[in-house]
Amino acid sequence: MADIRRVEEGLGNIKGVIEVDERFHRRQEEEEEKSKVVHEENNSCTRELIGKDKEEFTRVDNQQPLMVEIKQKSKRIATLDAFRGLTIVLMILVDDAGSAYERMDHSPWNGCTLADFVMPFFLFIVGVAIALAFKRIPKVGKAVKKIILRTLKLLFWGIILQGGYSHAPDDLSYGVDMKHVRWCGILQRIALVYMVVALIETVVTTKTRPTVLGPGYFSIFSAYRWQWAGGFIAFVIYMVTTYSLYVPDWSFTALIDDHHTERLTVKCGVRGHLGPACNAVGYVDRQVWGINHLYLYPVWIRSKDCTLSSPNVGPLRNDAPNWCRAPFEPEGLLSTISAILSGTIGIHYGHVLLHFKSHRERLKHWVPIGVVLFIVAVILHFTDAIPINKQLYSFSYVCFTAGAAGLVFSGFYILARNRRKLIGMNAMLVFVMAAQGIFAAFVNGWYYETPGNTLVRWIQKHVFNDVWKSDRVGTLLYVMFAEITFWGVVAGILHKLGIYWKL
């Protein structure tokens, strides 16, 4: 993602004023020798950017000593870091503790659980970061090249981590049969949303970005109408395809047990179906990627149609429909087109940061949008018009999660007060090492006598599970302390050393 940590934006009229030290005198004199400073009328302040620190100094009237105004560290930087850190923590929590507490894992179909907020929160963050990173674009060609390169990096890492090549953390082997590689995943979705939203921001905004907004609450919407147009086009493509595409019968090969497979058929022949079996989202992925390249363990296996243990994992019902054993891609092509809307809403929040300097103005734009999106989602869901569904990335799901993201982001903005969530400042590192289990796999590689006898498993069993006499409680505490707290400390140390990993 873009290195937004280096983007400093002021906080209205809250500024600290200190006297200039000798270093600033020397640098100011050098600047004045190179170019004459023209003072504003009525002895107003003249601002000039000095060096890489981007500190501001102001010369007041000739009677007063030279003073320097240093902008307070941007609260929005802290806000975005904190929000990103929360999202990473949520990801680790639901990924590693979701097996013990299925109710925090992804919803089996309709509905929204804690785990279902992670992906749209990431995409919201991507949108905000794009607005900040591309607020100045000296050369469009160079910016486009940078966007494409970063997209390719994300796609590469996504296929390595979630395409089947990495078996971390439990299996120490690596490699994948190319006939069954999974092409889609979390980073792949982030990459495609980032590419579309960033290209629109780069190509269009270079010529149309306003320096001053017109009057009225909706002036910022009209100023960035092309960004909203891109989101609207994605919405139309998704809705038209979802409700008009004919889905025929389809078949797949299911693994019945360790030694037997069976060819099963799912009866469809419908349009506009939003259930697990015959929706257009799954049909598009089967046609584009091939059924052998989809995710093999969809969460619908925990639905009431598939198991009596729902929403927990359990044996399949005797009368379970065939689709319960079928693959499904939760980060597929059509649902990713819908996900562009999450990035579009995020970039709007970033634009508000750029154009409005006071806390009141920013919150006046953020909070109502979050509330309206939340209300729209609830109405659509409970009237059964468009159910909230993460697997389909339905429009109501976009509104519900984007509204929640906007409100949480606003809350962090109010509470952050220049404190940063250190995990959020090294999000990519924590995602790869913790959420994808690469560090745990490295530790598991140093086992004693048998591959199952590792330090990670010993700590989880003897320090947490045995002490609390409960696998569920022990798993939760292990994730909280041995993973989240551990990586928080690691991220803090790296922050002190000035080390950040980004693509």
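Trainee: Is Ile484 buried or exposed?
Mentor: A residue counts as buried under 20% relative accessible area, as exposed over 50%, and as partly exposed in between (1.4 Å probe, protein chains only). The relative accessible area of Ile484 is 14%. By that value, Ile484 is buried.

Trainee: What kind of model is this?
Mentor: Residues are numbered from 1 along each chain as its sequence is written, and side-chain values use heavy atoms, with hydrogens and water left out. Local features need pLDDT of at least 70, side-chain atom pairs count only at pLDDT 80 or more, and totals for chains, interfaces and linings use all residues, because this is a predicted model.

Trainee: Where in the fold is Ile484, and how far in space is it from Ile92, C-alpha to C-alpha?
Mentor: Helices (H or I, at least four residues) and strands (E, at least two) are DSSP runs, numbered from the N terminus. Ile484 is in helix 15, residues 471-497. Ile484 and Ile92 are 392 residues apart in sequence, while their C-alpha to C-alpha distance is 7.1 Å.

Trainee: How many helices and strands are there in the protein, and what share of the contacts with a separation of 6 or more is between residues 24 or more positions apart?
Mentor: The protein has 15 helices and eight strands. Of its 503 residues, 48% count as buried. Contact means heavy atoms within 4.5 Å. Among contacts with a separation of 6 or more, the share from residues 24 or more positions apart is 72%.

Trainee: How many charged residues are in the contact of helix 7 with helix 9?
Mentor: Nonpolar here covers Ala, Val, Leu, Ile, Met, Phe, Trp, Tyr, Cys and Pro; charged covers Asp, Glu, Lys and Arg; the others, Gly among them, are polar. Residues including Trp228, Phe235 and Tyr238 in helix 7 meet residues including Leu341, Ile345 and His348 in helix 9. By class, this contact of helix 7 with helix 9 has 10 nonpolar and nine polar residues, and the number of charged residues is none.

Trainee: Is the crossing of helix 9 and helix 10 left-handed or right-handed?
Mentor: The axes of helix 9 and helix 10 (residues 359-382) come within 9 Å and cross at roughly 160°. That makes helix 9 roughly antiparallel to helix 10. A crossing is left-handed if the near helix is turned anticlockwise from the far one by less than a right angle, and right-handed if clockwise. The crossing of helix 9 and helix 10 is right-handed.

Trainee: Which residues of helix 10 meet helix 9?
Mentor: On the helix 9 side, the residues are Ile345, His348, Tyr349, Val352 and Leu353. On the helix 10 side, they are Arg362, His365, Trp366, Ile369, Gly370 and Leu373.

Trainee: How far apart in sequence are the parts tied together by Arg302 and Asp105?
Mentor: A salt bridge is a side-chain nitrogen of Lys or Arg within 4 Å of a carboxyl oxygen of Asp or Glu. Arg302 forms one with Asp105, the closest N and O atoms being 4.0 Å apart. Arg302 lies in the loop between helix 8 (280-288) and helix 9, and Asp105 in the loop between helix 2 (75-97) and helix 3 (118-133), so the pair ties together parts whose sequence separation is 197 residues.

Trainee: Is Tyr393 buried or exposed?
Mentor: Tyr393 lies in the loop between helix 10 and helix 11. Its phi is near 50°, a positive value in a residue other than glycine. With a relative accessible area of 0%, Tyr393 is buried.

Trainee: Which residues are joined by a cis peptide bond?
Mentor: Pro311 lies in the loop between helix 8 and helix 9. The omega of the cis bond is about 5°, and the residues joined are Ser310 and Pro311.

Note on methods. Axes fitted to C-alpha atoms, helices over the stretch in contact; angles between N-to-C directions. Parallel < 35°, antiparallel > 145°, perpendicular 65-115°, else oblique.
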